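Biologist: Could we go through this structure together, one topic at a time? I would like to start with the backbone.

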Amino acid sequence: MDIYKALVSHVLFTLVKTEPEWLHKQTIGSLNWLSKASYYPSTKWLNSLFKQYLCLNDPRVEQTILGMKFPNPLGLAAGFDKDGIAANIWHNFGFGFAELGTVTYHPQPGNPPPRLFRLPLDQAALNRMGFNNAGAVAMAARLTEAKQHLIYPIPPIPIGINLGKSKITSLELAAQDYLESFRLLKDLGDYFVVNVSSPNTPGLRSLQDATMLSQILDMLQQENTARKPIFVKIAPDLEWEAISDIIALVKTYRIAGLIATNTTISREGLKTQIIEKTGKSPQEEAGGISGKPVRDRSTEVIRFIYQQTQGQMPIIGVGGIFTAEDAWEKITAGACLIQTYTGWIYEGPIMVRRILVGLLTKLEENGLTSISQAIGIGQ
């Protein structure tokens, strides 16, 4: 029996109806304690217990992409660990990589609460957090301290850093804003993400326009002397022509790849009628929807990118991954790596191992010996 789903999530989400953002803060606080106290016998034992029950090591799911070694293709999506609190222990939960952020150059509180809502009927979340984070300077200090003083071991998985635009920065100065964050963090991440697709910062999605995005990518690549892989994260709501324009830009500026996709502003097909916290319908509430409702669209976008690039551009697929079937669908559509966030909240920590076991079964059923062989075979 899955104790998390049968007991923990039922109590927290249904019976007690715990406020989502409060619960997230408590979780991050616990992870912070686990990180900083990882050399104590008790926490060392706890971390080893996590590794024993939540991790799966198998060469068939390993890949080396853009010079980075991924022990498995399933990573933690941006949005959960905004300030890099648990950068050193995400591997203990079985993840093959983790993406920190979204971080902005200026620290900011984000949008006023309530700003995070569960939609259990849809296995989804609605958020309008607004890039709440302590800023790039604070993240740089945290990650630098970890490396310099070896408070905890350097994580054995790639760590990405997701960069966003500060709310107080005008759209005209957006490129400089991204550049300042990148300058502070460029030596501390294994890869970087330009987030121009969150619906929760006014005007941000307009930066997906070719002219605006080219300025950002040009500035970053000029600064990127170490040639760190840079990805662009796009919205699921873009038209095919707009995605084609972004693909062209990515090629022009030798950007590593694309992350497909962010949350959606669509409310189509939702079962949830009223959000209890506000008494309003999801259609009346601002914010992006994540989880199951975005699953099929994100897979369509992955398939389109893969076809347009003849499989030559790395794609990280994210949106609605709850099961091995969901993961397999995105990989066979063309994603070389995948990420989860909402699914992990609903399914619990054991989800990662369960998905990886399922992917191994899929490989066997299809006569494949490596996950890399499955990329794009569903075209």
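Biologist: In which loop is Gln123 found?

Modeller: Please keep in mind that this is a predicted model. Gln123 sits in the loop between E5 and E6.

Biologist: How accessible is Gln123?

Modeller: Gln123 has a relative accessible area of 25%, so the residue counts as partly exposed.

Biologist: And what about Phe131, what is its phi near?

Modeller: Phe131 also is a residue other than glycine with a positive phi, near 55 degrees. Its place is in the loop between E6 and H4. Phe131 counts as buried because its relative accessibility is 5%.

Biologist: Let us turn to peptide bonds. Which residue is joined to Pro113 by a cis peptide bond?

Modeller: Pro113 is joined to Pro114 by a cis bond, with omega at about -5 degrees. Pro114 lies in the loop between E4 and E5. A second case to mention is the peptide bond from Ala260 to Thr261, which is cis with omega near 10 degrees. Thr261 is placed in the loop between E10 and E11. As background, most peptide bonds are trans.

Biologist: New topic: salt bridges. How many does a search of the whole structure find?

Modeller: The search finds 13 salt bridges. Side chains of opposite charge can pair when their charged atoms come close. One of the pairs is Arg115 with Glu21, where the N to O distance is 2.6 Å. This pair links distant parts of the chain, 94 residues apart. Arg115 belongs to the loop between strand E4 (97–103) and strand E5 (116–119), and Glu21 belongs to helix H2 (residues 20–36).

Biologist: Are Arg115 and Glu21 buried or exposed?

Modeller: Arg115 counts as buried because its relative accessibility is 7%. Glu21 counts as buried as well, because its value is 9%.

Biologist: With which residue does Arg128 form a salt bridge?

Modeller: Arg128 pairs with Glu285, and their closest N and O atoms are 3.0 Å apart.

Biologist: Which helices do Lys362 and Glu325 lie in?

Modeller: The side chains of Lys362 and Glu325 meet in a salt bridge of 2.6 Å, N to O. Lys362 lies in helix H11 (residues 351–365) and Glu325 in helix H9 (residues 324–333), so this pair ties together parts that are 37 residues apart in sequence. Lys362 counts as buried because its relative accessibility is 15%. Glu325, at 45%, counts as partly exposed.

Biologist: Which residues are linked to Glu180 in a network of salt bridges?

Modeller: The network links Glu180 with Arg183, Lys186 and Glu223.

Biologist: Now the strands. How many residues of strand E8 are buried?

Modeller: Strand E8 (residues 191–195) is mostly covered, with five of its five residues buried. Tyr191, Val193 and Asn195 point one way from E8, whereas Phe192 and Val194 point the other way. In a regular strand the side chains alternate between the two faces of the sheet.

Biologist: In which sense do E7 and E8 pair, parallel or antiparallel?

Modeller: Strand E7 (residues 159–163) and E8 pair in the parallel sense, over four bridges. Val194 in E8 is the bridge partner of Leu163.

Key: Residues are numbered from 1 along each chain as its sequence is written. This is a predicted model: local features need pLDDT of at least 70, side-chain atom pairs count only at pLDDT 80 or more; totals for chains, interfaces and linings use all residues. Side-chain values use heavy atoms; hydrogens and water are left out. Buried means under 20% relative accessible area, exposed over 50%, partly exposed in between (1.4 Å probe, protein chains only). Helices (H or I, at least four residues) and strands (E, at least two) are DSSP runs, numbered from the N terminus. Two strands pair if DSSP finds at least two bridges between them. A salt bridge is a side-chain nitrogen of Lys or Arg within 4 Å of a carboxyl oxygen of Asp or Glu.
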